[in-house]
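This briefing is for a reader who is new to the structure shown below. Please keep the sequence and the model in view while reading.

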Amino acid sequence: MPHTDVITDISGHFDMADRPIQARAVNRTILVTGTGIDAGRLEALKARGYDVRQPSPVLTEEQLTHELQGVVAYLHGGEERASRAALESAKATLKVVAFLGVGYETFVDVAAADDLKIVVTSTPGAARDSVATFTVGQIINANLRIFQQYGNRYPDWTSAEELPSELSVRNVGIVGMGVIGSRIAEMLRVAFDANVAYYSRTPKRHLERSLDMKFMELPDLAEWSDILVVMVPGNDTTTSMIDDEVLGRARPGTILINTARPSVVDPVALYASMKADRVHLAVFDGFYGKDSEAAVRLLQDFGSRMFVTGHVASHTRQAMDRMLDQAVMSIENLLGGNADPYAVGAADRIPEP
Ligand SMILES: O=C(O)C(=O)CO
C-alpha cells in the first residue's frame, strides 16, 4: 500500500470497501486548512460526495469559527488553534477533527472536543523521517556552524580552538525517546557515531541496548550534553519542562535544538542561559507567540544566536502526502460509522445521536 510505509500494518483497521460513506450528519462539507496540501489527495472525499472547503491558509480564531460553520469534518493542517469556542460554535454539524501530525495538543482543544462528542485523530509516524531528518540537519548546521560559512570566503579562524568538531566526539542528549526521538538517536548513532544519551518518562531499555546509548535524568543530561535536542509532545505536563533547573546545569556553549513545541522550553530560563552563554545557539521550529515578552527579548538580544523556522519540519512532499492520506482515511472511516485507530480523544468513533 503506497504512502503508509512507516506505519505497520494498518490494513486490518480500515473498511476499504468502495462504498459511499454512511454519514450520520446531513451536512457534507469538509474544511481543510494548511499549506502544501495536494488537492488530488482529497479526491477520495470528493468522490464520496463531500464538498471540500479550503480557505486562505492562515486563519484567525474568528475566521476559523466562520469557516467551521456547517462543516462535518475538519482536516487541520494549519497553524490555527481549534479552541473550545471555535469547536463549540460548530457543534451542530462537526463530528471529526483530523489533525495533520502528532502534536495535536497545541492546536486542538481535545478536552473540549470530547465534551462536544467530536472525534479527534492524528497521524502517528507519518512525518517521522522528515522531522527526524530536519532535526539532524539543524544539528549538523549548528554543530559545524555551516551558517557562518556562506559567502564563499576563506574562514578567518585564528586558532585551532575555533574549529568546529565532528559529531563523533560530541555528546548529544535527546529529551524524549518516542517515534521521532528514537529515529534521531538512530541517525546520530549509525551515521555519525555521536555519543547519545536520552531522557524519557519511561526508559527505553531495548533502545539503550540496540543503539548503545544511556538514560540520564534530565538535569544530568543537560550537564552532559554538548547538543541538547528536545523532542517531546507539547502538553500540560511538558510545558516549561526545559526550565532553570535544567538549563542552569547546561555546560557553556551548549547548542539547544527544539524541533518540538516552543512551550516545552521556558523562554525566561532560556534568556538567562543565553545571557550566561550556557546555551550558545538555540534552534526552534515554530516560536512563541508575540505576546511572550521573554521571547521578543530573546530575538532582540540574541538574534544572531537564534535560528527559528516557522514549524516546517514535517513539510516534505512525502510526509505531507502520508499525513494527508492517513487523515483522509480517518475521516472516511469515522464518517462511515467505523472506529478509527488514530483517534486520540475519549471516543474512537462518532457516538450515536
Ligand atoms: O507532527 C506534528 O505535529 C508536527 O508538528 C510536525 O512538525
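**Sheets, helices and selected residues**

Strand β10 (residues 254-258) and strand β11 (residues 279-285) run parallel to each other and are paired over five bridges. The model is a predicted one.

- Isoleucine 255 has leucine 281 of β11 opposite it.
- Helix α5 packs on the sheet, where it touches β9 (227-230), β10, β11 and β12. The direction of α5 makes about 155° with that of β10.
- Helix α10 (residues 267-275) also packs on the sheet, with β10, β11 and β12 as the strands it touches. Its direction makes about 145° with that of β11.
- The sheet is open and has seven strands, arranged in the order β8-β7-β6-β9-β10-β11-β12 with parallel pairing.
- The edges are taken by β8 (214-215) and β12 (306-309). Each has a single partner strand, so one side of each has no neighbour in the sheet.

**Leucine 281 in strand β11**

- Leucine 281 is part of strand β11.
- Is leucine 281 buried or exposed? Its relative accessibility is 4%, so leucine 281 counts as buried.
- Leaving aside residues up to four places away in sequence, leucine 281 touches Ala142, Phe147, Thr254, Ile255, Leu256, Met274, Arg305 and Phe307.
- Aspartate 301 is 20 residues from leucine 281 along the chain, and the C-alpha atoms of the two are separated by 13 Å.

- Alanine 73 stands opposite valine 96 in β4.

**Helices α5 and α6**

- Two packed helices are described by the angle between their axes and the distance between the axes.
- For helix α5 (residues 128-144) and helix α6 (residues 179-192), the axes come within 9 Å and cross at roughly 50°.
- The two helices α5 and α6 are therefore oblique to each other, and their crossing is right-handed.
- On the α5 side, the contact involves Arg128, Asp129, Val131, Ala132, Thr133, Thr135, Val136, Ile139 and Ile140. On the α6 side, the residues are Val179, Ile180, Arg183, Ile184, Met187, Leu188 and Phe192.
- Sorted by class, the contact of α5 with α6 has eleven nonpolar, two polar and three charged residues.

**Isoleucine 184 in helix α6**

- Isoleucine 184 belongs to helix α6 and, at 0% relative accessibility, counts as buried.
- Which residues does isoleucine 184 touch, not counting those up to four places away in sequence? They are Ala132, Thr135, Val136, Ile139, Ile174, Val229 and Met231.
- Isoleucine 184 and aspartate 129 are 55 residues apart along the chain, with their C-alpha atoms separated by 8.6 Å.

**Residues in loops**

- Serine 314 is placed in the loop between β12 and α12 (317-335). With a relative accessibility of 15%, serine 314 counts as buried.
- Serine 314 touches Ala127, Ser130, Val131, Ala319, Met320 and Met323, again not counting residues up to four places away in sequence.
- Most residues other than glycine have a negative phi. Aspartate 193 is not a glycine, yet has a positive phi of about 55°.
- Aspartate 193 sits in the loop between α6 and β7 (195-199) and counts as partly exposed, at 46% relative accessibility.
- Aspartate 212 likewise has a positive phi of about 55° although it is not a glycine.
- The loop between α7 (205-211) and β8 holds aspartate 212, which is exposed with a relative accessible area of 56%.

Methods
Residues numbered from 1 in each chain as written. Predicted model: local features only at pLDDT ≥ 70, side-chain atom pairs only at ≥ 80, totals over all residues. Heavy atoms only, no water. Axes fitted to C-alpha atoms, helices over the stretch in contact; angles between N-to-C directions. Helix = DSSP H or I, 4+ residues; strand = E, 2+ residues; numbered from the N terminus. Parallel < 35°, antiparallel > 145°, perpendicular 65-115°, else oblique. Left-handed = near helix turned anticlockwise from the far one by under 90°. Contact = heavy atoms within 4.5 Å. Nonpolar A, V, L, I, M, F, W, Y, C, P; charged D, E, K, R; others polar. Pairing = 2+ DSSP bridges. Buried < 20%, exposed > 50% of the residue type's maximum accessible area, 1.4 Å probe, protein only.
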